[in-house]
Amino acid sequence: MKITKQTVENVAMLSRLNIADNKMDKYIEEFSNFLEYVDVLQQVNTENIKPTAHVLPLQNVFREDIVKSSLSREAALANAPEQEDGYFKVPRIIE
Amino acid sequence: MSYEAVIGLEIHSELKTKTKIFCGCATTFGAEQNTHVCPVCLGLPGVLPVVNKKVVEFALKAGLALNCTINKFSKFDRKNYYYPDLPKNFQTSQFDLPIAEHGYVDIEVNDTTKRIRITRIHMEEDAGKLVHAGDTIKDSASSNVDYNRTGVPLIEIVSEPDMRTAEEARAYMEKVKSILEYIDVSNCKMEEGNLRADVNVSLRPTGSEMLGTKAEMKNLNSFKMVENALEYEIERQEEILEDGGHVIQETRTWDDNKGITLSMRTKEKAQDYRYMPEPDLVPIITTDEQIAAVKKTLPELPDARRDRLIDDCGLSSYDAGVITNSREMAEYFDAVIKQNVDAKLAANWIMGDLAKNLNAAGKTIAESPVSAKNLAKMIKLIQNNTISSKIAKKVFDEMWQSDNDPELIVKEKGLVQITDTDAIEKIVDEVLLGNPKPVADYKGGNTKSIGFLVGQVMKASRGKANPAMVNKLLKEKLSQ
């Protein structure tokens, strides 16, 4: 897959990142290198290997349905950039 | 050209667990904003979610009740998107290995049974709630977020695009709600958002196998909304196609006040969820023994119950459908007929006066002021001719106020039906004497005038005369 300026811009938009124009060439090159490496991995024969769902040999880790105390509202909102009436306040959502 | 609608539903149902899916915060509805939150559901760095056992149990129950195959190996994935109701910027959901797949439900529309296939059921967490500053999301300068609902367990039930009309979509949603109520995994209170549907609809020329471009409407939380939004959207797309235009694939919002759908352009260009396996949660393995054990806990489901009411109680398919649609009503019905009363009469009273009063009072049948036991007693009084159906309405109204024993009400208010022939005959004679014109009309061939005379006799007896006997006596006397 050929990495273009548009690809980098799209990934940046999906991740909510700003990429300065003078860094663009650098990112295009790094992205290309990542994907080239993935291409190398793709060549490994995995025919008889089960897909990995998790790296640890664990399954069925559950907790009982018992209520524990929650944070106080003050603590929950402590790091909010903006708050209003006990809510987290966020900027306009729709364009 | 005539078009055919192709409709699919994604139904989100909150599960009635005490705690959230990955943490011990309470799920109680209506708590003060941001008081049921903790580092796990707020997505603070370094926390470790752990799956609530009950969520898996409920999801398995729902999977089996909706005729699905259970995936014995199931896992969680992260669905990445940015929206302020999602504090982690990803929703923990299931992607390629959902807990259940390949199910179906049967719906009845216009006396025809139709099978709607279910693609999959997966477990996921609910998002928070946004409160907008303006009237709608579109004219708000800012929004406020309450994260209490974040992490409340959901199952998402995805249907195949098997529905063709708004009516079918409604029937499907009603059936799914009914089944979830029966198996007791969700409160199904639609007004509290326990059950919400995202609806996809596209149009194609009738007879075509190709799929048209679809529009999606999210978060419809009443049957009426699903039906209205679909009817509007089908008409809107039809007009576009008729004019030679193209439907745009988009999410539209349903404005319930105006009764229209509106385009909802979000900042996200193309949706790209970039699913990845959730590294903080380990796979869920379900054994055949577990599946068999859950199967055993399933109650008699709506379809089976409806068939039983048709076969064993002689109810019509329609009546049996209405009664078994809600588990509460079906149980009330069973409690009434257990007292050996006529099933059809019981069905009529439950679907008639009782349902009417409950609706008017905004009560569910479980909150009925008239107990099943007393309703059964009243029906027995009708069956043994102690009271007429007309008087029974009065008795019922008394019971609605007090839930007193109907036998007592009948005695205290002197409502016992007059079945004594002599007593009735006396009234009939008086009425015949006092109404020469209708009598002459009847004798002249206008037999309809007997209705008026029956009414007069009933009135004179203050409703207590047995109507069948009044009818019979009047006819006898008029043909003499």
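Is B:Ser461 buried or exposed? B:Ser461 is buried, with a relative accessible area of 5%, where buried means under 20% relative accessible area, exposed over 50% and partly exposed in between, with a 1.4 Å probe and protein chains only. This is a predicted model, in which local features need pLDDT of at least 70, side-chain atom pairs count only at pLDDT 80 or more, and totals for chains, interfaces and linings use all residues. Residues are numbered from 1 along each chain as its sequence is written, chains are lettered from A and ligands numbered from 1 in the order in which they are written, and side-chain values use heavy atoms, with hydrogens and water left out.

**Surroundings of B:Ser461**

- B:Ser461 sits in the loop between helix 14 (450–460) and helix 15 (467–478) of chain B; helices (H or I, at least four residues) and strands (E, at least two) are DSSP runs, numbered from the N terminus.
- A polar atom of the B:Ser461 side chain lies 3.0 Å from the backbone oxygen of B:Met458. This pair is a polar contact, a term for N or O atoms within 3.5 Å, where within protein one must be able to donate a hydrogen and the other to accept it, and residues adjacent in sequence count only if both atoms are side-chain atoms.
- Leaving aside residues up to four places away in sequence, B:Ser461 touches B:Ile418 and B:Ile427; contact means heavy atoms within 4.5 Å.

**Nonpolar cores**

- The largest nonpolar core has 87 residues, and B:Ile7, B:Leu9, B:Ile157, B:Tyr172 and B:Leu180 touch the most other members. Such a core is a set of buried Ala, Val, Leu, Ile, Met, Phe, Trp, Tyr and Cys residues joined through side-chain atoms within 4.5 Å.
- Helix 2 of chain B (residues 166–182) supplies the largest share of this core, 9 residues.
- Beyond residues up to four places away in sequence, the contacts of B:Ile157 include B:Leu9, B:Leu66, B:Ile118, B:Tyr172 and B:Leu180, as well as B:Glu10 and B:Arg120.
- Another core, of 37 residues, lies apart from it, and B:Leu309, B:Ile323, B:Ile350 and B:Ile365 are among its members.

**Surface patch on chain A**

- A nonpolar surface patch is formed by A:Val55, A:Leu56, A:Leu58 and A:Val61, with about 380 Å² of accessible area together. Patches are made of residues with over 30% relative accessible area and no salt bridge, like charges being joined within 9 Å and nonpolar side chains (Val, Leu, Ile, Met, Phe, Trp, Tyr) within 5 Å. Accessible areas come from the Shrake-Rupley method with a 1.4 Å probe, and for residues only the protein chains shown count as cover.
- A:Val55 is in the loop between helix 2 (24–42) and strand 1 (62–63) of chain A, and counts as exposed at 75% relative accessibility.

**Other loop residues**

- B:Val247 is placed in the loop between helix 3 (223–242) and strand 14 (250–255) of chain B, and counts as buried at 11% relative accessibility.
- B:Val247 touches B:Thr213, B:Gln237, B:Ile240 and B:Leu241, not counting residues up to four places away in sequence.
- A:Asp85 is not a glycine, yet has a positive phi of about 50°. A:Asp85 lies between strand 2 (83–84) and strand 3 (87–91) of chain A, in the loop, and counts as exposed at 61% relative accessibility.
- B:Asn67, also a residue other than glycine, has a positive phi near 60°. The loop between helix 1 (53–65) and strand 3 (69–70) of chain B holds B:Asn67, which is partly exposed with a relative accessible area of 33%.

**Salt bridges**

- The count over all chains comes to 46 salt bridges, each a side-chain nitrogen of Lys or Arg within 4 Å of a carboxyl oxygen of Asp or Glu.
- In the salt bridge between B:Lys75 and B:Asp77, the closest N and O atoms are 2.4 Å apart. B:Lys75 is buried at 8% relative accessible area, and B:Asp77 is buried at 2%.
- B:Glu174 pairs with B:Arg170 in a salt bridge, with closest N and O atoms 3.1 Å apart. Because they are 4 residues apart in helix 2 of chain B, B:Glu174 and B:Arg170 are separated by about one helical turn.
- B:Arg305 and B:Glu331 form a salt bridge with closest N and O atoms 3.7 Å apart. B:Arg305 lies in helix 5 (residues 302–313) and B:Glu331 in helix 7 (residues 327–337) of chain B, so the pair ties together parts 26 residues apart in sequence.
- B:Arg305 is buried, with a relative accessible area of 6%, whereas B:Glu331 is partly exposed at 39%.
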